[in-house]
Amino acid sequence: MKGKEMKFAKLFSIMLLGIMLVTSVSFGQSIPSGTARYEALGYNPFIKDAAIDINRNPAWSTVYRNYVFGDLGRDAVGTDQYQLTEQYAGINFGVSKDVSLGLVLNKYEDNWSNFGTPYGIQKPVVPLKVLFGWQMSPKFALGLAPYYAGWSSEFDSTGQNYKRNSSTLGGTIGVLGKLEGGWIEGAVDMKINKYKYDQTIGTTNTVFENQGGLQMNFLARGFFTVNKNMGINLVPYLGLGMYSWNPNVTPSVAGGTDPKFSSFSFMGGLGLNMPVLDNGLLAGGLSFGYHSQENKYETSNLTNTYSEFVLPQFNLGLEWPFTEWLTGRAGYMRAVGSTKDEWTGAFSFYNKGTDVSDAKQTITCGFGLNFDRFNLSGTVGEKLFKDGFYIMTGKTNELFGVLSASYNFGR
């Protein structure tokens, strides 16, 4: 995997360089965006971010036209210093006054991480998403983003044959409406995750596959100006998500196969977004939510249900320009939840308590480097501030934990 990750990073860099060389050299402005900016600002749902917004709602592709974006990668803990993970790249073109088309490559948007590698089946690889945006009127835009990823493997020898495959197919549809003094957006994402393991040994054939595998997510968000002079905007949002996964085997076996899985999540909140420090940004607010997941183990007659009420979650992000080419970012995110882990069936018990979000994600910070139309953003670990740079201390610390890049080649 190391070679593939490095090749992808090189391809992304070459693509960015090529676009910068063939496009206009006139003065333009960068549009900072990406995972690094989002995390550095406290995992903030109350900010606008080109890359995050396009991937979540393709209707935003009508706004950010002629734009390249993506993540150069995340520092991979426990691997060598040259390896990065979670890399992806996207590009969006304005092909006419009202229509935009684009691609997003290698960005995983499935729920396979919940299930590991059943029967040796791997998660679908090299996902492809197509972006289509249509500005239907000055105040209304529609977006569509089909998505596909797949994987397969086959082994055949005398008296034995094993076929494995997995796939994720679906897409996102979104709308964006402009209002007097603001906007509203909505998006629905639906994907079907499938796997199949076809095993033939001698004359006996057994097929392991899943039923369901449907994931659905809903998003609604608004951005309303409540004080025009100060630029204060009210930002409400609501998100819903659900998923199910039911393994099956043919011919059937007593008790079925384990486990059958389902999950549901809800999150909503209200925050403020406003300019500060001349060209800076301050955004934050409170959220609440509910998450649950259920595993049914039919062979042992047990059901495990885990649930969590989140109240409150607090997000805060501050972004300000040091110079024309350097931007600083800081964020804070903390959530408190009431949890319950319950087992019922052959025996029963439960654990209840209070939990908090990962302490490593509480305080975040980062920088953005702006070079005309190009932006490079990264998160910075607190340990760097504690131990200092290698040139001063002799201690090796990564400057950036996550790196995102973008290039605005629009006129």
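Which residue forms a salt bridge with Arg74, and how far apart are the closest N and O atoms? In this predicted model, local features need a pLDDT of at least 70 and side-chain atom pairs count only at pLDDT 80 or more, whereas totals for chains, interfaces and linings use all residues. Residues are numbered from 1 along each chain as its sequence is written, and side-chain values use heavy atoms, with hydrogens and water left out.

The partner of Arg74 is Glu39, with the closest N and O atoms 2.8 Å apart. This pair links distant parts of the chain, since Arg74 belongs to strand E1 (residues 67–75) and Glu39 to helix H2 (residues 35–40), 35 residues apart; helices (H or I, at least four residues) and strands (E, at least two) are DSSP runs numbered from the N terminus. A salt bridge is taken here as a side-chain nitrogen of Lys or Arg within 4 Å of a carboxyl oxygen of Asp or Glu. Arg74 is partly exposed, with a relative accessible area of 24%, while Glu39 counts as buried at 11% relative accessibility; buried means under 20% relative accessible area, exposed over 50%, and partly exposed in between (1.4 Å probe, protein chains only).

Arg74 also forms a salt bridge with Glu86, for which the closest N and O atoms are 3.3 Å apart. Glu86 lies in the loop between strand E2 (84–85) and strand E3 (88–94) and Arg74 in strand E1, so the pair ties together parts that are twelve residues apart in sequence. Glu86 counts as exposed, at 53% relative accessibility.

A search of the whole structure finds 14 salt bridges. Among them, the side chains of Arg221 and Glu185 meet at 2.8 Å, N to O, which links Arg221 in strand E9 (residues 204–227) to Glu185 in strand E8, 36 residues apart. Both Arg221 and Glu185 are buried.

Strand E7 (residues 160–179) pairs in the antiparallel sense with strand E6 (residues 140–157) over 18 bridges, and the bridge partner of Gly143 in E7 is Gly174. E6 and E7 likewise form a hairpin with two residues between them, where Gly159 in the turn has a positive phi of about 80°.

Note on methods
Pairing = 2+ DSSP bridges.
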